[in-house]
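Welcome, and please get your viewer ready. We will go from stop to stop, with something to select at each one.

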Amino acid sequence: MDNLSDTLKKLKITAVDRTEDSLEGCLDCLLQALAQNNMETSEKIQGSGILQLFASLLIPQSSCTAKVANIIAEVAKNEFMRIPCVDAGLISPLVQLLNSKDQEVLLQTGRALGNICYDSHSLQAQLINMGVIPTLVKLLGIHCQNAALTEMCLVAFGNLAELESSKEQFASTNIAEELVKLFKKQIEHDKREMIFEVLAPLAENDAIKLQLVEAGLVECLLEIVQQKVDSDKEDDIAELKTASDLMVLLLLGDESMQKLFEGGKGNVFQRVLSWIPSNNHQLQLAGALAIANFARNDGNCIHMVENGIVEKLMDLLDRHVEDGNVTVQHAALSALRNLAIPVVNKAKMLSSGVTEAVLKFLKSEMPPVQFKLLGTLRMLIDAQEAAEQLGKNVKLVERLVEWCEAKDHAGVMGESNRLLSALIRHSKSKDVIKTIVQSSGIKHLVTMATSEHVIMQNEALVALALIAALELGTAEKDLESAKLVQILHRLLADDRSAPEIKYNSMVLICALMGSESLHKEVQDLAFLDVVSKLRSHENKSVAQQASLTEQRLTVES
């Protein structure tokens, strides 16, 4: 290592004199020393103060530039050398060198920048601000025959694409075209995997999704699926998963999704449909998720239901009832829920037996499946008959009441409450109310009236008003023990309550007057004071309802 000290001293002198031959000899010695013991050599380099000189040696016209960049790349493999490299002002001259025509200089420069900025979001963001993305995309296009340079660009893209700030810059280049062109040429699994690692974060951006679709990525992905579907090799299974997952990701963009749907006639849509009856779980999953993504607007939903997609999804669910694949169950239920949103689809889906198919999963203990099951049923029961049929289903109502207490799963808890309320609101049926009372569901509707979400509060108050109008005697005790009257007083007295909450709370107060015990509670709580203040409320409906409620309270007192 004494030789190293001599080399470093000599390098200081030659760096200033710029005698190329001696400089090259010193740099070769340094590279040799780094190859033998990188960490120790790096420490010596840092101690010698030579890093500061490197910035002046990074010049396009010098024959030593590639070696200097190579040394920087090697020392920056050590974490403790990265900040010193930044402090020595090496980033700016390195970025300038990305415009070089020399492939070796480009390769070593890319390595140096990659190692210095490794794992540092702030340094990577600095590179993005210095405009490296368009430069690297251009390099990929020019030097696509150079495997090492291509790999360097892909590694850089993979790191930079993780940063949100990079997406806009990537979207303004022809990265999609270049990556798809490169992808088509690759036969080796590892190379394709490298490209996938860049495509996945980039495809999170909607503009880039569309560019990738237009560049023909989907056709490549469908081809991979076709090639790998029957293989049991680990690499092939992994590639099938990556390709089908990426396909689903591309469908998350509205424009890219609509372009691939092509009015339901598109080749891509048809191919994805054929995945659903497949025996491959990964393809069943991707197929169902793709349908859920296509089902993001009414036109697509109506077309798909008319063309028999519901039956395909129900067959798929049927294959996963007993010890089924949870992710497939979740995806198929997501698709059905989305398809049930347009009004014209609800009756068709009900008559196809969707509720029966969905209810088979009532025993599921998996919150994601429970959540989608509830959402699907809630979308379907706008019709009075369906709501009544489901609302009298004791097993369903008991399960809903149980899930209304799933404090660990807010989504499941919220959806259960909303479905309980919807069964009453849409059925307007005494039998449904009796079933819910017998299953101890009333207290949950009262709690729901205090939700932080106005829409849920409102749904609860309307359902409670129907209970009070239709079956007050049956529900009276439960309403009392759930402290409904106190909650209504609080909602009316709270200035933050939305106008519709105040309005429906007063409607409910009037409906409760038919019960002796609840009436007494209303009198004890001095509702008149709160209600009379609301007569001057800025919302006309609230003000009118306040006058009516005040009259009712005065007469009844």
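Begin by selecting α27 and α29: Gln384, Ala387, Glu388, Leu390 and Gly391 in α27 meet Leu423, His426 and Ser427 in α29, where contact means heavy atoms within 4.5 Å. These contact residues comprise three nonpolar, four polar and one charged; Ala, Val, Leu, Ile, Met, Phe, Trp, Tyr, Cys and Pro count as nonpolar, Asp, Glu, Lys and Arg as charged, and the others, Gly among them, as polar.

A word on the model before moving on. It is predicted, with local features needing pLDDT of at least 70 and side-chain atom pairs counting only at pLDDT 80 or more, while totals for chains, interfaces and linings use all residues. Residues are numbered from 1 along each chain as its sequence is written, and side-chain values use heavy atoms, with hydrogens and water left out.

Helix α27 spans residues 384-391 and helix α29 residues 410-427; they pack at an angle of about 130 degrees, with axes 8 Å apart. Helices here are DSSP runs (H or I, at least four residues), numbered from the N terminus. The axes are lines fitted to C-alpha atoms over the stretch in contact, with angles from 0 to 180 degrees between N-to-C directions. α27 and α29 are therefore oblique to each other: angles under 35 degrees count as roughly parallel, over 145 as roughly antiparallel, 65 to 115 as roughly perpendicular and the rest as oblique. Their crossing is left-handed, that is, the near helix is turned anticlockwise from the far one by less than a right angle.

Next, select helix α22 (residues 309-318) and helix α23 (residues 326-339), whose axes come within 10 Å and cross at roughly 155 degrees. That makes α22 roughly antiparallel to α23. The contact involves Ile309, Val310, Leu313, Leu316 and Leu317 of α22, and Val328, Gln329, Ala332, Leu333, Ala335, Leu336 and Leu339 of α23. How do the residues of this contact divide into nonpolar, polar and charged? There are eleven nonpolar, one polar and no charged. The crossing of α22 and α23 is left-handed.

Now pick methionine 349, in helix α24 (residues 343-351). At 0% relative accessibility, methionine 349 counts as buried (under 20% relative accessible area; exposed is over 50%, partly exposed in between, with a 1.4 Å probe and protein chains only). Leaving aside neighbours within four places in sequence, methionine 349 is in contact with Val305, Val310, Leu336, Leu339, Ala340, Val354 and Leu380.

For the aromatic stop, show the side chains of Phe261, Phe269 and Phe294, which form one aromatic cluster. Rings of Phe, Tyr and Trp (its six-membered ring) pair if their centres lie within 6.5 Å; planes under 30 degrees apart count as stacked, over 60 as edge-to-face and the rest as tilted. By this rule there are five aromatic pairs. One of them joins phenylalanine 261 and phenylalanine 269 edge-to-face, 4.9 Å centre to centre with 65 degrees between the planes. Phenylalanine 261 and phenylalanine 294 make a tilted pair, at 5.4 Å and 45 degrees. Phenylalanine 261 lies in helix α18 (residues 254-261) and phenylalanine 294 in helix α20 (residues 281-294), so this pair ties together parts 33 residues apart in sequence.

Finish with glutamate 262, in the loop between α18 and α19. Its phi is near 45 degrees, a positive value in a residue other than glycine. Glutamate 262 is partly exposed, with a relative accessible area of 48%.

Technical notes: Helix = DSSP H or I, 4+ residues; strand = E, 2+ residues; numbered from the N terminus.
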